[in-house]
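Subject: Handover of a structure and its findings

Dear colleague,

I am pleased to hand over the structure below for your review. Please look through it before reading the notes that accompany it.

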Amino acid sequence: MAREVDVLLIGGGGREHALAWKLRQSRRVNRLYCAPGNGGIGALAELVPIAADDVAGLADFAERKRVGLTVVGPELPLTLGIVDTFGARGLRAFGPSRTGAQLEGSKVFTKELLRAAGVRTARFAEFSDAMAAHRHLDEVGAPIVVKADGLAAGKGVYVCTTTDEAHAAIDEMMGAKVFGDAGTKVVVEAVLRGEEASFLALTDGTTVLPLASSQDHKRIFDGDLGPNTGGMGAISPAPVVTPAIERDA
């Protein structure tokens, strides 16, 4: 019979609530902890008052409680290298390494990787100097997309219909620092029209396991209007991801 393990789930949002719900169904899960969790997760797991980005504190807790597996939900601790830290201390953690997490943590890194690998992506330019970004906007015009390089809780992408909106986006990100250090660099890219969907896969470097597709409504108002959000509801599987598109992915 498989051995039961104590599991630590990191995060406190809807994603982590879904993970807690599923983990709780496993016969192999003994005690389920969640740091920091939320009120809903508290009905499924023992909440631990440690912030999701307190990597050292989380590792100390996992060691002290002899946690057999840690599941990381949010992007931030992954970009801080939590999986690497846990591994160095002999702790099992599910998630990408700090290097792998750059795909989510830096849009500049991802766009450059896509270009180098020949993966289709929107035309783009990257900037760490605001004046250079403004000059580029004057050259390419609108509509245009302006993206903060780093993590911005799903809000760091501005779809601009006019150059004035785009210039204002640059000023907010690089000047006013509305997203903190995440806006130190920006990506300016062409607008792609159509439906957007997410298609994720798990890999250990050898085997690839695709997951079900999903699609969320990013913009705050109906009719694809208003600023982007972290997601205003989601569906899975995404109807737009047909079997042909899935094979191509």
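This is a predicted model: local features need pLDDT of at least 70, side-chain atom pairs count only at pLDDT 80 or more; totals for chains, interfaces and linings use all residues.

Residues are numbered from 1 along each chain as its sequence is written, and side-chain values use heavy atoms, with hydrogens and water left out.

**The sheet**

Helices (H or I, at least four residues) and strands (E, at least two) are DSSP runs, numbered from the N terminus. Two strands are said to pair if DSSP finds at least two bridges between them. Five strands make up an open sheet, in the order β3-β2-β1-β4-β5, with parallel pairing. Its edge strands are β3 and β5 (93–94), each of which pairs on one side only.

Strand β1 (residues 5–11) runs parallel to strand β2 (residues 29–36), and six bridges join the two. Between them the chain passes through helix α1 (residues 14–23), and this β-α-β crossover is right-handed; that term applies if, with the strands pointing away from the viewer, the path from the first strand over the helix to the second runs clockwise. Leu-8 has Tyr-33 in β2 as its bridge partner. Tyr-33 in turn has Glu-46 as its bridge partner in β3, and β2 is joined to strand β3 (residues 46–47) by two bridges, again in parallel.

**The cores and helix α2**

A residue is called buried under 20% relative accessible area, exposed over 50%, and partly exposed in between (1.4 Å probe, protein chains only). A nonpolar core is a set of buried Ala, Val, Leu, Ile, Met, Phe, Trp, Tyr and Cys residues joined through side-chain atoms within 4.5 Å. The largest such core has 20 residues, and those with the most contacts inside it are Leu-8, Ile-10, Leu-58, Phe-61, Ile-82 and Phe-86. Two or more residues are given to this core by each of β1, β2, α2 (55–64) and α4 (82–88). The largest share, five residues, comes from α2.

In α2, the buried residues are Val-55, Gly-57, Leu-58, Ala-59, Phe-61 and Ala-62. These buried residues pack against β1, β2, β4 and α4, where contact means heavy atoms within 4.5 Å. Leaving aside residues up to four places away in sequence, Phe-61 touches Leu-8, Tyr-33, Val-48, Ile-50 and Val-67. A second, separate core of 19 residues includes Ala-125, Ala-132, Ile-170 and Val-188. Helix α2 is followed by Arg-66, which has a positive phi near 55°.

**Salt bridges**

A salt bridge is a side-chain nitrogen of Lys or Arg within 4 Å of a carboxyl oxygen of Asp or Glu. The structure holds seven of these salt bridges. In one of them the side chains of Asp-60 and Arg-89 meet at 2.6 Å, N to O. Asp-60 belongs to helix α2 and Arg-89 to the loop between α4 and β5, so this pair ties together parts that are 29 residues apart in sequence. Asp-60 is partly exposed at 36% relative accessibility, and Arg-89 is partly exposed at 31%.

Glu-63 also forms a salt bridge with Arg-89, with the closest N and O atoms 2.9 Å apart. Glu-63 lies in helix α2 as well, so its pair with Arg-89 ties together parts that are 26 residues apart in sequence. Through shared partners, Asp-60, Glu-63 and Arg-89 are joined into one network.

Another salt bridge links Asp-248 with Arg-120, the closest N and O atoms being 2.9 Å apart. Asp-248 lies in helix α9 (residues 243–248) and Arg-120 in the loop between α6 (107–117) and β6 (124–127), so the pair ties together parts that are 128 residues apart in sequence. Asp-248 is exposed at 55%, as is Arg-120 at 73%.

**A buried charge**

Asp-149 is placed in the loop between β7 (144–148) and β8 (157–160). Asp-149 is buried yet has no salt bridge, and the nearest side chain of opposite charge, Lys-185, is 5.6 Å away; here Lys and Arg count as positive and Asp and Glu as negative, while His and the chain ends are not counted. Beyond residues up to four places away in sequence, the contacts of Asp-149 include Gly-105, Lys-107, Phe-109 and Lys-185.

With kind regards
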